[in-house]
Amino acid sequence: MIEIKTSEEWKNIVEQSRKAPIFVLKHSATCPISISGHHVFEHYETSISKYYLIVQKNRSISNEIKKDLNVRHETPQVLLLKDGEAVWYASHYDISKSSMKSAVEEHC
């Protein structure tokens with residue numbers, strides 16, 4: 001897992017998703033539900049690249065993600081990017097290994 005720290009990194013991730021699917025997690029470092037979502041995401045084994053964003057540290061990038069992907073902002077939130085778009089996302093207690101596995105099977 002790689003932390004997204006700059007807008008440039010975010011733009012590169014969107015471009016990379018045009019070649020291969022990418023998972024992105026947005027989460028809050030202080031919310032118990034968000035910490036749980038982070039834990040599930042961290043331990044989900046996949047060959048798909050995984051990135052994460054800590055919303056408190058990078059609110060502007062979180063806003064870019066919302067705008068660029070046209071998805072409602074939630075935390076925690078996992079997004080599956082493909083071809084520069086969010087083809088699937090889940091938030092809160094819908095973040096699970098089985099939901100991510102199903103998303104991969106459906107979209108990749």
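The side chains of Glu3 and Lys57 meet in a salt bridge at 3.1 Å, N to O, where a salt bridge is a side-chain nitrogen of Lys or Arg within 4 Å of a carboxyl oxygen of Asp or Glu. Glu3 lies in strand S1 (residues 2–3) and Lys57 in the loop between strand S3 (49–54) and helix H3 (59–69), so the pair ties together parts that are 54 residues apart in sequence; helices (H or I, at least four residues) and strands (E, at least two) are DSSP runs, numbered from the N terminus. This is a predicted model, in which local features need pLDDT of at least 70 and side-chain atom pairs count only at pLDDT 80 or more, while totals for chains, interfaces and linings use all residues. Residues are numbered from 1 along each chain as its sequence is written, and side-chain values use heavy atoms, with hydrogens and water left out.

**Salt bridges**
- By this rule the count comes to five salt bridges.
- Lys11, Glu64 and Asp68 are linked in a network of salt bridges, with Glu64 and Lys11 meeting at 3.5 Å, N to O, and Lys11 and Asp68 at 2.9 Å, N to O.
- Lys11 in helix H1 and Asp68 in helix H3 are 57 residues apart, and their pair links distant parts of the chain.

**Accessibility**
- Glu3 counts as buried at 14% relative accessibility, whereas Lys57 counts as exposed at 54%; buried means under 20% relative accessible area, exposed over 50% and partly exposed in between (1.4 Å probe, protein chains only).
- Asp68 is partly exposed, with a relative accessible area of 33%.

**Overall fold**
- The protein has four helices and five strands, which run β-α-β-α-β-α-β-β-α from the N terminus on.
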